[in-house]
Amino acid sequence: VQLQASGGGTVQAGGSLRLSCRALGATLSINNIGWYRQAPGKQRELVAVASVGGTTKYADSVKGRFTISRGSALNTVYLEMNDLKPEDTSVYYCARDVEPTGFDYGMAYWGKGTQVTVSS
């Protein structure tokens, strides 16, 4: 399974971006999908996860600002990011087949990341 994350860029604080995660030759509609981020010198952290059962989970730092959603296309998941802050600057990754909690037991598929930079 090959995942492509896109939509990153540079925005000013308070701005918005929408990230896309697309599976090539595979579906995302019957899988748990997570968005994660990793800043230089920091550990990777969970941003949001959408379970196949319909539940969502967000990191406290992004609650109320970020929204994970499934696209009408069966192979796409989005991360809508609003009111961006400089501390949101990171490389963002998507992953398929993580646990509904966002944990990866080593069975998940990961895509290459997309850089998000928020200037103050």
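This note goes through the nonpolar core, the ring contacts, the salt bridges, the surface patch and the backbone of the structure.

1. Basis of the values. The model is predicted, and for that reason local features need pLDDT of at least 70 and side-chain atom pairs count only at pLDDT 80 or more, while totals for chains, interfaces and linings use all residues. Residues are numbered from 1 along each chain as its sequence is written, and side-chain values use heavy atoms, with hydrogens and water left out.

2. Nonpolar core. The largest nonpolar core has 26 residues, where a core is a set of buried Ala, Val, Leu, Ile, Met, Phe, Trp, Tyr and Cys residues joined through side-chain atoms within 4.5 Å. Buried here means under 20% relative accessible area, exposed means over 50%, and partly exposed lies in between, with a 1.4 Å probe and protein chains only. The residues with the most contacts inside this core are Trp 35, Val 47, Phe 66, Ile 68, Leu 79, Met 81 and Tyr 92. Two or more residues come from each of strand 1 (2-6), strand 3 (17-24), strand 4, strand 5 (45-50), strand 7, strand 8, strand 9 and strand 11 (114-119), and strand 3 gives the most, with four residues. Strands are DSSP runs of E with at least two residues, helices are runs of H or I with at least four, and both are numbered from the N terminus. As background, nonpolar side chains tend to be buried together in soluble globular proteins.

3. Aromatic pairs. A search of the whole structure finds two aromatic pairs; rings of Phe, Tyr and Trp (its six-membered ring) pair if their centres lie within 6.5 Å, and planes under 30 degrees apart count as stacked, over 60 as edge-to-face and the rest as tilted. The rings of Tyr 36 and Trp 110 have centres 4.7 Å apart and planes at 50°, so this pair is tilted. Because Tyr 36 lies in strand 4 (residues 33-38) and Trp 110 in strand 10, the pair ties together parts that are 74 residues apart in sequence. Tyr 36 counts as buried at 4% relative accessibility, whereas Trp 110 counts as partly exposed at 26%. Phe 103 and Tyr 105 form an edge-to-face pair, 4.6 Å centre to centre with 70° between the planes.

4. Charges over rings. A charge is taken to sit over a ring if NZ of Lys or CZ of Arg is within 6 Å of the ring centre and within 35 degrees of the ring normal. The charged end of Arg 44 sits over the ring of Tyr 36, 5.7 Å from its centre, and Arg 18 lies over the face of Tyr 78, at 4.0 Å from the ring centre.

5. Salt bridges. The search finds five salt bridges, each being a side-chain nitrogen of Lys or Arg within 4 Å of a carboxyl oxygen of Asp or Glu. Arg 65 and Asp 88 form one of them, with the closest N and O atoms 2.7 Å apart. This pair links distant parts of the chain, since Arg 65 is in the loop between strand 6 (56-58) and strand 7 (66-70) and Asp 88 in the loop between strand 8 (76-81) and strand 9, 23 residues apart. Both partners are buried, Arg 65 with a relative accessible area of 8% and Asp 88 with 0%. Arg 37 and Glu 45 also meet in a salt bridge, at 2.6 Å from N to O; Arg 37 is buried at 5% relative accessibility, while Glu 45 is partly exposed at 34%. Arg 37, Glu 45, Arg 65 and Asp 88 are linked in a network of salt bridges.

6. Surface patch. Phe 103, Tyr 105 and Met 107 make a nonpolar surface patch of about 420 Å². Patches are made of residues with over 30% relative accessible area and no salt bridge, with like charges joined within 9 Å and nonpolar side chains (Val, Leu, Ile, Met, Phe, Trp, Tyr) within 5 Å; accessible areas come from the Shrake-Rupley method with a 1.4 Å probe, and for residues only the protein chains shown count as cover. Phe 103 is partly exposed at 47%, Tyr 105 is exposed at 62% and Met 107 is exposed at 64%. Met 107 is found in the loop between strand 9 (90-96) and strand 10 (109-110).

7. Backbone at two aspartates. Asp 97, in the loop between strand 9 and strand 10, has a positive phi of about 75° although it is not a glycine. Asp 97 also forms a salt bridge with Arg 96, the closest N and O atoms being 3.0 Å apart; Asp 97 is partly exposed at 26%, and Arg 96 is buried at 12%. Asp 83, in the loop between strand 8 and strand 9, has a positive phi near 50° and is partly exposed, with a relative accessible area of 41%.
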